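Dear colleague,

I am passing on the structure we talked about, with a summary of what was found in it. Please look it over alongside the notes that follow.

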Amino acid sequence: AQSVTQLDSQVSVSEGVLVLLRCNYSSSFSPYLFWYVQYPNQGLQLLLKYISGTALVKGINGFEAEFKKSETSFHLTKASAHVSDAAEYFCAVSDTVPETAGELNTNLLRC
């Protein structure tokens, strides 16, 4: 069994400030972790994923996430927020590598 918990349901940040969206996971297996983004009036888009290897994963638009096995976390960060980053962000975990991961949770980011 696996699950994800996003610790902040809504995050408001000012332009140019560090963004942090927290995600903790639970998995019986070595997890595959994903962050998705949904911009207003658009479909769900893969932002980044951790499959194996380097713990720090770089994604699109300057976002990155770090896989920390000891803390069971996969927090999403961006060094400098931009108004165009306002969207819903979804963390997901899977024990396989599907095209779309099964267990989703959400954060709303307002800039």
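Which residue has a side-chain polar atom 2.8 Å from the backbone nitrogen of Cys91? The residue is Gln6, whose side chain places a polar atom at that distance from the Cys91 nitrogen, and another contact of the Gln6 side chain runs from a polar atom to the backbone oxygen of Tyr89, at 3.4 Å. Polar contacts are here pairs of N or O atoms within 3.5 Å, where, within protein, one atom must be able to donate a hydrogen and the other to accept it, and where residues adjacent in sequence count only if both atoms are side-chain atoms. Gln6 belongs to strand 1, which covers residues 2-6, and Gln6 is buried at a relative accessible area of 11% (buried means under 20%, exposed over 50% and partly exposed in between, with a 1.4 Å probe and protein chains only).

Before going further, please note that this is a predicted model, in which local features need pLDDT of at least 70 and side-chain atom pairs count only at pLDDT 80 or more, while totals for chains, interfaces and linings use all residues. Residues are numbered from 1 along each chain as its sequence is written, and side-chain values use heavy atoms, with hydrogens and water left out.

As for the overall fold, the protein chain has 0 helices and 11 strands (DSSP runs numbered from the N terminus, helices being H or I of at least four residues and strands E of at least two). Of its 111 residues, 35% count as buried. Among contacts with a separation of 6 or more in the protein chain, 56% join residues 24 or more positions apart, a contact being heavy atoms within 4.5 Å.

Turning to the aromatic side chains, the structure contains 5 aromatic pairs (rings of Phe, Tyr and Trp, the last by its six-membered ring, with centres within 6.5 Å; planes under 30 degrees apart count as stacked, over 60 as edge-to-face and the rest as tilted). One of them joins Phe34 and Tyr36, and this pair is stacked because the ring centres lie 6.2 Å apart with the planes at 20°; both Phe34 and Tyr36 are buried. Another joins Tyr50 and Phe74, with centres 6.5 Å apart and planes at 55°, so this pair is tilted. The Tyr50–Phe74 pair links distant parts of the chain, since Tyr50 sits in strand 6 (residues 44-50) and Phe74 in strand 9 (residues 73-78), 24 residues apart. Tyr50 and Phe74 are both buried, and together with Tyr25 and Phe67 they form one aromatic cluster.
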